[in-house]
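Student: I would like to go through the aromatic contacts and one of the sheets here. Please show the sequence and the structure before we start.

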Amino acid sequence: MMTREENQLLTQTGRGTPAGELLRRYWQPVCLSEELPPGAAPLRTTILAENLVLFRDEEGRAGLLGIHCSHRGTDLSYGRVENGGLRCLYHGWLYDIHGRCLEQPGESGGGQHRDNIRHPAYPCTEAGGVIFTYMGPGQSPLLPNYDFLKAPPDHLYVSKIFHECNYQQANEGNIDPVHLSYLHRFLENRDERYRGVRGAGESHYNLVARNIAPTIDVELTDFGVRIYTVRQLEDDKKYLRVSYFILPNLSAFPGQTGGEGYSVNWHVPIDDAHHWKYTFVYSSKAALRKELVSRERSELTPGYRLVRNEANRYLQDRDSMKTHTYAGMGAGFQAHDAFATASQGAVQDRTEENLVSSDKAIVAARKLLERAIKDVQAGREPPHVIRAPDQNRFPQLLVVSDMISDNSDWKEYTKSLETEARARL
């Protein structure tokens with residue numbers, strides 16, 4: 001059980017808060033590339049409780065600026081993209097993507113002191129169909145060179161989903177192995193194109209339902225927490241899943257492409273009570289069949305909101321709970337997860353929870369976050385902030401969804417796969 005102060009430590013993300021300062025030490029998704037195509041209007045956005053405007057200049061470069069003009073505070077999202085920047089409609093002040101004031105046209109000589117203006121601006125970069133920003137102090141670190149961020153378009157699917165709860169409780173749902181056997185359970189066998197298990201002849205949906213009390217173990221890595229989940233099955237077989245909590249606010253797990261890829265959920269605070277979940281589905285081998293992996297987008301509005309939501313009780317169907325799904329909220333996991341995490345409250349009150357042995361990954365992730373926060377408070381750089389190019393590779397980020405023999409040591413099995421991955425670098 002956490003204290004109220006410990007809960008606030010992990011969940012408050014505005015500038016100057018402990019978790020907010022930690023999150024600002026890392027690159028964060030700020031929007032999908034498809035939301036800001038070349039020539040698009042500036043996009044008003046809020047991230048980490050800061051109101052900002054995102055735009056592309058005529059060269060296609062993304063810039064993220066403070067929403068209010070440094071002159072008289074007018075909203076820059078209504079501005080004109082021209083002459084190398086974003087121009088305020090009120091008096092014509094022009095800002096480039098670095099926050100430099102290029103013109104003050106109402107002033108003599110275009111503004112003799114315009115170079116003294118440094119409008120709030122955050123650097124941006126683009127990878128994997130997402131625009132990222134760095135909102136921390138000093139020189140930005142390297143964007144982590146995860147495999148999914150450098151995958152060709154036909155091997156990667158990306159979307160995002162609005163969540164009406166704090167980022168932390170939703171990310172903790174990703175590292176809770178037992179909920180797969182309940183919340184996401186199908187009451188009928190599933191035969192999917194992406195079965196998600198190497199060495200098995202059926203879907204992982206079926207396997208997680210056959211053993212609801214798996215063995216769970218965790219170990220720390222240099223970027224987060226590795227989570228082993230082992231389900232003993234019939235015929236002297238074990239189903240091994242290896243997933244990850246990754247500092248500071250994302251998780252990687254087998255998902256639909258387990259066995260030949262993985263999925264990532266990256267939870268980015270809007271404010272303390274709302275966040276965006278950026279979802280990536282990555283296949284390292286075969287090209288994705290987008291019609292399968294994108295089916296859940298059919299349950300999203302054009303604004304990336306869930307059609308199934310708290311206002312309509314997630315369209316729960318009690319009859320389908322008898323024959324189709326355990327939760328009765330359709331086949332899409334995104335609605336299931338939104339229900340389970342948002343119904344805990346906008347910010348979960350962890351002083352009232354009672355953790356058990358199967359929650360060890362959540363406990364480990366919280367402790368790691370607390371240590372990283374202390375690093376920042378002490379003036380040290382937290383783990384997984386990458387500065388050196390030779391450190392920007394992750395063979396140890398090895399997501400596993402395999403059937404293994406009953407007499408296999410699952411940790412040694414995973415380490416052998418990691419050794420193979422390192423040898424391929």
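Student: How many aromatic pairs does a search of the whole structure find?
Tutor: The model is predicted, and the search covers the whole structure. A pair of aromatic rings is described by the distance of the centres and the angle of the planes. The count of aromatic pairs is 18.

Student: Is the pair of Phe148 and Phe280 stacked, edge-to-face or tilted?
Tutor: The ring centres of Phe148 and Phe280 are 4.8 Å apart, and the planes stand at 55°. Stacked needs planes under 30 degrees apart and edge-to-face needs over 60.

Student: How many residues apart in the chain are Phe148 and Phe280?
Tutor: Phe148 sits in the loop between strand 11 (130-133) and strand 12 (156-163). Phe280 belongs to strand 18 (residues 274-283). Phe148 and Phe280 are both buried, and their pair links distant parts of the chain, with a separation of 132 residues.

Student: Which helix takes part in the pair of Tyr228 and Trp410?
Tutor: Tyr228 and Trp410 form a tilted pair, with 5.5 Å centre to centre and 55° between the planes. Both residues are buried. Tyr228 lies in strand 14 (residues 224-233), and the pair ties together parts 182 residues apart in sequence, because Trp410 lies in helix 9 (residues 410-423).

Student: Which residue lies over the face of Phe162?
Tutor: Lys160 lies over the face of another ring, that of Trp276, at 3.9 Å from the ring centre. For Phe162, the distance to the ring centre is 4.1 Å, and the residue over its face is Arg305.

Student: Is strand 1 mostly covered or mostly uncovered?
Tutor: Strand 1 spans residues 28-32. Five of its five residues are buried, under 20% relative accessible area. Strand 1 is mostly covered.

Student: Do strand 1 and strand 11 run parallel or antiparallel?
Tutor: Strands of a sheet pair through backbone hydrogen bonds, either parallel or antiparallel. Four bridges join strand 1 to strand 11. Gln28 has Thr133 as its bridge partner in strand 11, while Leu32 stands opposite Val130. The two strands run antiparallel.

Methods
Residues are numbered from 1 along each chain as its sequence is written. This is a predicted model: local features need pLDDT of at least 70, side-chain atom pairs count only at pLDDT 80 or more; totals for chains, interfaces and linings use all residues. Side-chain values use heavy atoms; hydrogens and water are left out. Rings of Phe, Tyr and Trp (its six-membered ring) pair if their centres lie within 6.5 Å; planes under 30 degrees apart count as stacked, over 60 as edge-to-face and the rest as tilted. Buried means under 20% relative accessible area, exposed over 50%, partly exposed in between (1.4 Å probe, protein chains only). A charge sits over a ring if NZ of Lys or CZ of Arg is within 6 Å of the ring centre and within 35 degrees of the ring normal. Two strands pair if DSSP finds at least two bridges between them.
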